[in-house]
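Morning, everyone. Let me put the next structure on the screen, and then I'll walk you through it.

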Amino acid sequence: MVLPAAAALPVPAGWTAEQALGLVVNWPTALAALKPLGRVAARETVLIHAAAGATGQAAVAMAKHYGATVIATASPGKHETVLASGADHVLDSLDGDLAAEVLRLTGGAGVDLVLESAGGATFEASLSAAKPVTGRVVVYGMAGGEAPITNWDLVYRHQVHLIGLNIGTVIEAAPRIFGEVMGELSALIANGVLTPAQPTVHDLADGSKVLAELEARATVGKLALRP
Ligand SMILES: NC(=O)c1ccc[n+]([C@@H]2O[C@H](COP(=O)([O-])OP(=O)(O)OC[C@H]3O[C@@H](n4cnc5c(N)ncnc54)[C@H](OP(=O)(O)O)[C@@H]3O)[C@@H](O)[C@H]2O)c1
């Protein structure tokens, strides 16, 4: 494949190619959402959706490292995995009233930062769960589909900071920020905050089956297809 030079980096010593997969997409996305875009600070509270996924698990580990309290969401069968990765609280992502649960856990205040990759109906819950005036919602995925928001919503319902993130655009349009993110990732790996992920490896021929499992929310962690 061809990629911008700013995005190329060596596979860390001792890592397999499959383990390095997340290093170039999921981990920089999680870190960019938390730090340069989300501006997470110690003692803040962060809501992380899909916390059992490849991006989510890394985001939980990093948010804890930066001193944040983590409220995570995941399907019920994945809660043990999420707690094991360090989340302080885990909520059922299929629960109809996630915003109410988050407000209950934060004493009515809401969270400082939302890592929003769920989309669909959960997008509205994310906006409602963010602190008015100072809360940030970094939008980088839409697993549950598109969700609308209007200027009226931002003025009268959700007075939050809405931030879009596409890591490909960060690489192309803001290589300096991407370089800082990758430098920070190297430090987090060197000091053991992030350890090599253990992806589930499938044959390429099983790709359609694996994608169906991903769509059915049945997967945990990174998935790799071996050609
Ligand atoms: N913008 C970027 O540059 C960028 C880069 C990398 C990844 N992403 C996005 O980040 C998200 C996480 O990526 P990942 O590779 O680590 O995937 P993942 O988290 O392993 O898989 C997706 C998970 O999203 C959750 N989900 C929530 N609502 C869903 C719905 N309606 N349908 C299906 N799943 C739903 C499910 O977790 P539960 O069932 O546990 O809730 C599902 O397991 C994805 O949305 C991806 O597109 C964006």
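**Around strand β5**

β4, helix α6 (residues 120-129) and β5 form a right-handed β-α-β unit. Right-handed here means that, with the strands pointing away from the viewer, the path from the first strand over the helix to the second runs clockwise. Next, from β5 the chain crosses through helix α7 (residues 151-157) to β6, again a right-handed β-α-β crossover. Helices (H or I, at least four residues) and strands (E, at least two) are DSSP runs, numbered from the N terminus.

A word on the source. This is a predicted model: local features need pLDDT of at least 70, side-chain atom pairs count only at pLDDT 80 or more, and totals for chains, interfaces and linings use all residues. Residues are numbered from 1 along each chain as its sequence is written.

Now the pairing. Strand β4 (residues 113-116) and β5 run parallel, joined by four bridges. Strands pair if DSSP finds at least two bridges between them. β5 and strand β6 (residues 161-164) also run parallel, with four bridges. Look at Val-138.

Which way do the β5 side chains point? Arg-136 and Val-138 go one way, Val-137 and Val-139 the other, and all are buried. Buried means 20 or more other C-beta atoms within 10 Å of a residue's own, with C-beta atoms placed from the backbone.

Zooming out. The protein has 10 helices and eight strands. Buried residues make up 37% of its 227 residues. The C-alpha atoms fill a box of roughly 50 × 40 × 30 Å, along the principal axes.

Notes:
Buried ≥ 20, exposed ≤ 12 C-beta atoms within 10 Å, placed from the backbone.
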